[in-house]
Amino acid sequence: MPHLRSLPLILIAAVLSHAVWGQVAPVAESRPAPVPNPADLRAAMELNYPDIRPETRQRPDTPWQVRVAFGSPSTTSLMVTWQVQREVAGSLVEYGPSPTLGLKAPAKRVVYKSQTGVTYEAALDQLLPATAIFYRVGTPGAWSETFTATTAPKSNEPFVFTAFGDHGVLDPAPQNLAAITRDNPAFHVLLGDVSYANGFQPFWDKWFDMMEPFASRIPVMAAIGNHEYEKDIGPMTYVGRFSFPEDELQYTFDYGNVRFVVVNTVLGLPAPQLAWLEAALAKARADQVGWLIVCQHFPLFGTTAGRGFNRPLIVREAAVLEKYRVDLVLAGHDHVYERSFPILGGKPVSQERERYRKGVAPIHVIAGGGGAGLYKFAPRPSSLNAIRELTHARLRVTVRAEGPLEVEAIRLDGSTLDHFEIAP
Ligand SMILES: [Fe+2]
Ligand SMILES: [Fe+2]
């Protein structure tokens, strides 16, 4: 009975085979997979992605995740937001033009579903333009350290801002954060897909904790991405944890001679949002701004594999951007770097690589290499592409009082991958 003699070997082989392949080969299950306990899930995630600055967790009443954004108007208002692990009555911001502070702004508690702690925000209003403000947040006995942040100038002053989208907390996101920290910009624009929490709130804590040394002194202004529309709660976390002008999903702010129009493209620009965009661009032109820059998450003319152009968005938005001769359209979402020639009616109006003239046509930049995993390009670029490269990078934009607007895309190793100028 040879088949009986070989049975133990068959059994051992079966067990070994399952041990080796069980993790990759699906095994038929007669019962539904158990739903993971949220506490187990959190413990597993904490184990795999430990706190970036673990010392900040050791002070339950002391604020952490401190960040600033421009209020409205950016020249005289800053919004400060932070988190504590439990409610602290009487939370406030002490601030002033010197380290002795002297002024007080009461904090408002922000409440939203699934919060991991208690969030506070406070508006510092009636500040002076282009002025450094010293501030600390919390309560007597549990203050943050004292930070400084600076309001926007009213006049036409030179400055640098940085931008990227699709950041996250995992490598190389911290490297790109270190790079913009070295740039020391006037502010940073996040082009959506911020923490990749996807509803798992501790990831937001990690992202804001990672950002604190930067964002407590340099305003961070974001355009909402699809990953900020979280399961069951939509953009609630984004609106709760950030503090931006207007309805926070779409807003404008000025810095020097530049008007930034931040638009929510995640829902495909339905009529009210498109009308808002058109009105914001018309107002910018009526206000005779020097430069007009639109910031959004979804790009129009991407060339990644499987995605390509966003044709519904092109149909809705391209003509509006062109009508008002937007200078730059900054987007993320595609985890690549690519940049168009100036485009009118779906065609490049110049094939010059580095020098353009203002008022001719919008140039579209996709800076989705903030830190999240890179995508793949379709094999061939489009005729609109001035350049494209599969890399993590940041944008550094230099605005002068007079003279050209200068845009650089810089890889993590510090080398320049793209450079162009728009002459006034
Ligand atoms: Fe996205
Ligand atoms: Fe993304």
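1. A residue is called buried if 20 or more other C-beta atoms lie within 10 Å of its own, exposed if 12 or fewer do, and partly exposed in between, with the C-beta atoms placed from the backbone. Pro202 has 16 C-beta neighbours inside 10 Å and therefore counts as partly exposed.

2. The model is predicted, so that local features need pLDDT of at least 70 and side-chain atom pairs count only at pLDDT 80 or more, while totals for chains, interfaces and linings use all residues. Residues are numbered from 1 along each chain as its sequence is written, and chains are lettered from A and ligands numbered from 1 in the order in which they are written.

3. Pro202 belongs to helix H5, residues 201–215 (helices are DSSP runs of H or I with at least four residues, strands are runs of E with at least two, and both are numbered from the N terminus). Its C-alpha lies 6.9 Å from that of Thr116, although 86 residues separate Pro202 and Thr116 in sequence.

4. Four strands form an open sheet in the order S1-S2-S6-S5, with antiparallel pairing, where two strands pair if DSSP finds at least two bridges between them. Strand S1 (64–70) and strand S5 (108–110) are at the edges with a single partner strand each, so one side of each has no neighbour in the sheet.

5. Within this sheet, S2 (residues 78–84) and S6 (residues 118–124) run antiparallel and are joined by seven bridges, and Leu78 has Leu124 in S6 as its bridge partner.

6. Elsewhere, strand S7 (residues 132–139) is joined to S9 by four bridges in an antiparallel arrangement, with Ala132 standing opposite Thr150 of S9.
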